[in-house]
Amino acid sequence: MKSLEFRAMNTSILLAAEGDDEALAGLQVARAFIEVCEKRFSRFLPDSEVTQLNKRSGQWQTVSDDLMDLLTLSLRYFKETGGLFNPSILPDLKRAGYDKSMEIIRVEGPGQDSGKYQGSRSAITDIEFDLSNARVRLPKSMEIDLGGIAKGWIVEKTANLLISYASPCAVSAGGDITFIGNPSSGLKWEVELVDPVNPDQISAIFYVGQCSVVTSSITKRAWRQNGEIRHHLIDPRTGEPAHTDWLSVTVISSQITEAEAFAKALLIGGETEASRLGSNNPELAFITVDRDGRISGSQFGKEYLNNYERILS
Amino acid sequence: MKLFKFSLRLWIMLTSVLSFLMGWIMLAHSPKPIQNSTPSSANIAPLPTLAPLPNLSTGNNQSSWNLFQNSPLSVQPQVQPQIQQPVQPTIQQSSNFAPMPKFQTSGS
């Protein structure tokens with residue numbers, strides 16, 4: 001198994017593929033692809049497609065097929081999660097202090113709170129699509145953050161690229177992972193679920209085949225603003241960082257963008273919304289870690305943990 | 001001097017050809033090896049027999065999610081002790097069998 005680790009998208013990237021020279025070539029191509037994608041979809045880069053789209057809210061803007069794909073996916077998951085997954089919360093995220101990349105926040109501190117949530121924000125369903133001319137128009141003053149779903153989308157596309165060089169393969173970006181194929185050793189892919197409170201420790205280990213795994217957590221991208229702990233997961237119902245039942249939610253799905261959207265929605269919605277989302281999507285496999293370190297999850301999530309190793313610390 | 005060199009070359013050539021021919025004749029007349037398609041059982045190490053794995057749910061009431069969380073599985077296959085020389089699988093060591101990298105999921 002060949003692997004390559006590097007930093008991109010403000011997180012650590014791990015690529016792995018079986019094979020010899022072709023695998024090595026594939027890893028380098030995959031790395032270049034990720035770096036190009038980052039420049040297109042980051043909201044922190046002034047020339048990215050997303051930044052340009054946000055700057056021109058209220059006007060028709062031609063977008064690439066990939067950005068159009070991301071926007072239509074976002075709209076779909078907004079509807080499927082009852083609005084809990086909502087990329088149009090960027091103004092609230094900035095208000096909560098996340099107005100620059102996390103690496104800069106850790107050095108310079110967060111932005112200042114610029115007031116309370118007004119509750120008059122446009123919904124993502126108000127975005128107008130002109131598919132035949134590849135154009136979209138954001139409602140005036142709307143700003144979108146495709147951070148999570150774009151990262152998942154990039155991981156999936158990268159894995160599909162890497163598999164053309166070497167099989168099986170895996171792509172991980174900060175814990176958003178897509179596995180294609182199974183290791184030739186006959187074993188499954190081993191995934192360590194990091195303890196959301198003590199990131200040096202592992203809460204559990206589970207084993208998966210071809211699938212995608214995404215974890216959403218409120219502990220990793222967190223900061224203090226005016227003495228109050230804030231995090232990056234905005235509850236669209238309040239416009240404030242979500243008060244959650246759990247510290248992290250891990251979703252296992254065949255599609256990484258679905259896993260990304262539902263991990264966020266479940267973490268924001270908590271147990272109440274989980275039962276509703278679960279009844280609409282009974283095969284949803286998710287694993288939760290609460291504030292006391294207890295692991296729980298959906299029926300399908302438990303099945304992934306049936307052959308797990310509980311780390312007793 | 002030229003005559004000496006010519007003689008030496010001729011001598012080397014003739015002895016080489018003669019040696020080759022003698023070797024050929026000897027091999028052609030030597031007895032053929034015994035072809036035995038059914039290997040003797042004495043040459044094969046016995047295969048290890050493993051005891052059946054215990055049922056994971058046996059003895060543990062794992063229908064409760066909390067019980068499941070707090071009961072780490074410790075299932076060890078029981079190898080029969082009389083086996084002395086188990087057959088070693090022949091694995092082609094290549095980079096494909098290098099250890100798998102650790103995949104961690106922690107949220108972002």
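**Paired strands and packed helices**

Q: What stands opposite A:Glu192?
A: B:Gln104 in E1(B) stands opposite A:Glu192. The model is a predicted one: local features need pLDDT of at least 70, side-chain atom pairs count only at pLDDT 80 or more, and totals for chains, interfaces and linings use all residues. Residues are numbered from 1 along each chain as its sequence is written, while chains are lettered from A and ligands numbered from 1 in the order in which they are written.

Q: What makes E8(A) and E1(B) a pair?
A: Three bridges join strand E8 (residues 189–194) of chain A to strand E1 (residues 103–105) of chain B. Two strands pair if DSSP finds at least two bridges between them, so three are enough here. The sense is parallel. A:Leu193 has B:Thr105 as its bridge partner in E1(B).

Q: Which strand of chain A also pairs with E8(A), and over how many bridges?
A: E8(A) and strand E9 (residues 202–208) of chain A share six bridges and run antiparallel. A:Leu193 stands opposite A:Ala204 in E9(A). A:Leu193 also has a bridge partner in E1(B), B:Thr105.

Q: How many residues does each chain bring to the contact, and what counts as contact?
A: Chain A gives 42 residues and chain B gives 16. They count because their C-beta atoms, placed from the backbone, lie within 7 Å of a partner's. E8(A) supplies the largest share of the chain A side, six residues. By class, that side has 15 nonpolar, 14 polar and 13 charged residues (nonpolar: Ala, Val, Leu, Ile, Met, Phe, Trp, Tyr, Cys and Pro; charged: Asp, Glu, Lys and Arg; polar: the others, Gly among them).

Q: What share of chain B is buried?
A: Buried residues make up 5% of its 108 residues (buried: 20 or more other C-beta atoms within 10 Å of a residue's own). From the N terminus on, the elements of chain B run α-α-β.

Q: Why are H6(A) and H7(A) called roughly antiparallel?
A: Helix H6 (residues 147–162) and helix H7 (residues 256–280) of chain A cross at roughly 155 degrees, and their axes come within 8 Å. Angles run from 0 to 180 degrees between N-to-C directions, and those over 145 count as roughly antiparallel. H6(A) and H7(A) are therefore roughly antiparallel. The crossing is right-handed (the near helix is turned clockwise from the far one by less than a right angle).

Q: Which residues of H6(A) meet H7(A)?
A: Among them are A:Gly148, A:Ile149 and A:Trp153. Their partners in H7(A) include A:Ile256, A:Ala259 and A:Lys264. The contact of H6(A) with H7(A) has six nonpolar, three polar and three charged residues.

Q: Why are H1(A) and H6(A) roughly antiparallel to each other?
A: Helix H1 (residues 21–41) of chain A packs on H6(A) at about 155 degrees, with the axes 10 Å apart. That angle makes H1(A) and H6(A) roughly antiparallel. H1(A) passes H6(A) in a right-handed crossing. H1(A) contributes residues including A:Phe33, A:Ile34 and A:Phe41. H6(A) contributes, among them, A:Ile154, A:Leu161 and A:Leu162. The tally is 10 nonpolar, two polar and no charged residues.

Q: What makes E3(A) and E4(A) edge strands?
A: Strand E3 (60–62) and strand E4 (128–130) of chain A each pair on one side only. They belong to an open sheet of three strands in the order E3-E5-E4, with antiparallel pairing. Neighbouring strands of this sheet are turned by 25 degrees against each other on average, direction ignored. E3(A) and strand E5 (residues 135–137) of chain A pair over three bridges. A:Arg135 in E5(A) is the bridge partner of A:Thr62.

Terms used: Helices (H or I, at least four residues) and strands (E, at least two) are DSSP runs, numbered from the N terminus. A residue is buried if 20 or more other C-beta atoms lie within 10 Å of its own, exposed if 12 or fewer, and partly exposed in between; C-beta atoms are placed from the backbone. Angles under 35 degrees count as roughly parallel, over 145 as roughly antiparallel, 65 to 115 as roughly perpendicular and the rest as oblique. Two residues are in contact if their C-beta atoms, placed from the backbone, lie within 7 Å.
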